[in-house]
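Welcome to this short tour of a protein model. Have a look at the structure first, and then we will walk through it topic by topic.

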Amino acid sequence: MKGVIAVRVIAGTARGRALKAVPGNGTRPTTDKVKEAIFSMIGPYFDGGTALDLYAGTGGLAIEAWSRGIEKLVLVDKEKASIDIIRLNLQAVGAIDAAELYRNDAERAVKALAKRGLKFRLVFLDPPYRMTGMDKQMEELALKEMLEPDALIVVEHDSAVHYAKEITGFQQIREAKYGDTIVSIYRFEGIDSSDRSEEYATIDES
């Protein structure tokens, strides 16, 4: 996906609010079509809880979750341009007081959040194009005891990246393809620190 993609909040208290995109081609905001599909698979509405958006971009996924009933948001991105846009989008929908916003890379952010004992009901992993390692990221969240029982993990990735249906501690419950994007939904089922997986994502080079 290239260029500026117009996005909005689809449902809930902020329904119809337009969200700003990050300038340039470095960030690929989740399209309304894919976002609507994601929330039809995982919700569509929530009764409180905290969501983590670890590669937040525009903040669109986390904001949609808040609009649909998630109580608190933690959004992370390492790019200043993204952080500035996320803050504007949070202010535009009235979610700024419900959100914590951090400029950091994912690994450092997870370590810092784990020290605070935060637990998440919903996690969005929508990393840069063709980036792998979200299975390792999921395991790290589990090993650091950062997930509620039955927490849902939404992994949005390029269609050339393939993740296993079973990742240590997680079971894939849905997968859907939208053009060059795949959305994989996992449920957290518990993990033992001695059961760390040795099988991680692969990339189709064909």
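**A first look at the fold**

Strand 3 (residues 50-53) and strand 6 (residues 120-125) run side by side in the parallel sense, paired over three bridges. This is a predicted model, with five helices and 12 strands in the protein. Of its 206 residues, 53% count as buried. Among contacts between residues at least 6 apart in sequence, 69% join residues at least 24 apart.

- Eight strands make up an open sheet, and their order is 5-4-3-6-7-11-10-9, with mixed pairing.
- The edges are strand 5 (99-103) and strand 9 (166-167), each of which pairs on one side only.
- Helix 3 (residues 80-93) packs on this sheet, where it touches strand 4 (72-77) and strand 5. The direction of helix 3 makes about 165° with that of strand 5.
- As a reminder, strands of a sheet pair through backbone hydrogen bonds, either parallel or antiparallel.

- Is strand 6 largely enclosed or largely open? Five of its six residues are buried, so the rest of the structure largely encloses this strand.

- You can find T50 in strand 3.
- With a relative accessibility of 17%, T50 counts as buried, because the cut-off for buried is under 20%.
- Which residues does T50 touch, not counting those up to four places away in sequence? They are I70, K72, V74, K119, F120, R121 and L122.

**Other strand pairs**

- Strand 4 and strand 5 pair in the parallel sense over five bridges. In this pair, V74 has E100 of strand 5 as its bridge partner.
- Strand 4, helix 3 and strand 5 make a right-handed β-α-β unit.
- Strand 10 (residues 170-178) and strand 11 (residues 181-188) pair in the antiparallel sense, over eight bridges. Q171 has R187 of strand 11 as its bridge partner.

**Helix 1 meets helix 2**

- Helix 1 (residues 32-42) and helix 2 (residues 60-67) pack with their axes 11 Å apart, at an angle of about 45°. The two helices are therefore oblique to each other.
- The contact involves K35, I38 and F39 from helix 1, and G60, L61, E64 and A65 from helix 2.
- Helix 1 passes helix 2 in a right-handed crossing.

**How enclosed are helix 2 and helix 5?**

- Eight of the eight residues of helix 2 are buried, so this helix is largely enclosed by the rest of the structure. These buried residues are G60, L61, A62, I63, E64, A65, W66 and S67.
- Helix 5 has seven buried residues out of 10, so it too is largely enclosed by the rest of the structure. Its buried residues are M134, D135, Q137, M138, E139, L141 and A142.

**Backbone details to look for**

- After helix 2 comes G69, which has a positive phi, near 120°.
- Although E145 is not a glycine, its phi is positive, at about 55°.
- Is E145 buried or exposed? At 58% relative accessibility, E145 counts as exposed.
- D150 lies in strand 7, and has a positive phi of about 65° although it is not a glycine. D150 is exposed, with a relative accessible area of 52%.
- Where is P44? P44 lies in the loop between helix 1 and strand 3. The peptide bond joining G43 and P44 is cis, with omega about 5°.

Terms used
Residues are numbered from 1 along each chain as its sequence is written. This is a predicted model: local features need pLDDT of at least 70, side-chain atom pairs count only at pLDDT 80 or more; totals for chains, interfaces and linings use all residues. Side-chain values use heavy atoms; hydrogens and water are left out. Buried means under 20% relative accessible area, exposed over 50%, partly exposed in between (1.4 Å probe, protein chains only). Helices (H or I, at least four residues) and strands (E, at least two) are DSSP runs, numbered from the N terminus. Two strands pair if DSSP finds at least two bridges between them. Axes are lines fitted to C-alpha atoms, for helices over the stretch in contact, and angles run from 0 to 180 degrees between N-to-C directions. Angles under 35 degrees count as roughly parallel, over 145 as roughly antiparallel, 65 to 115 as roughly perpendicular and the rest as oblique. A crossing is left-handed if the near helix is turned anticlockwise from the far one by less than a right angle, and right-handed if clockwise. Contact means heavy atoms within 4.5 Å. A crossover is right-handed if, with the strands pointing away from the viewer, the path from the first strand over the helix to the second runs clockwise.
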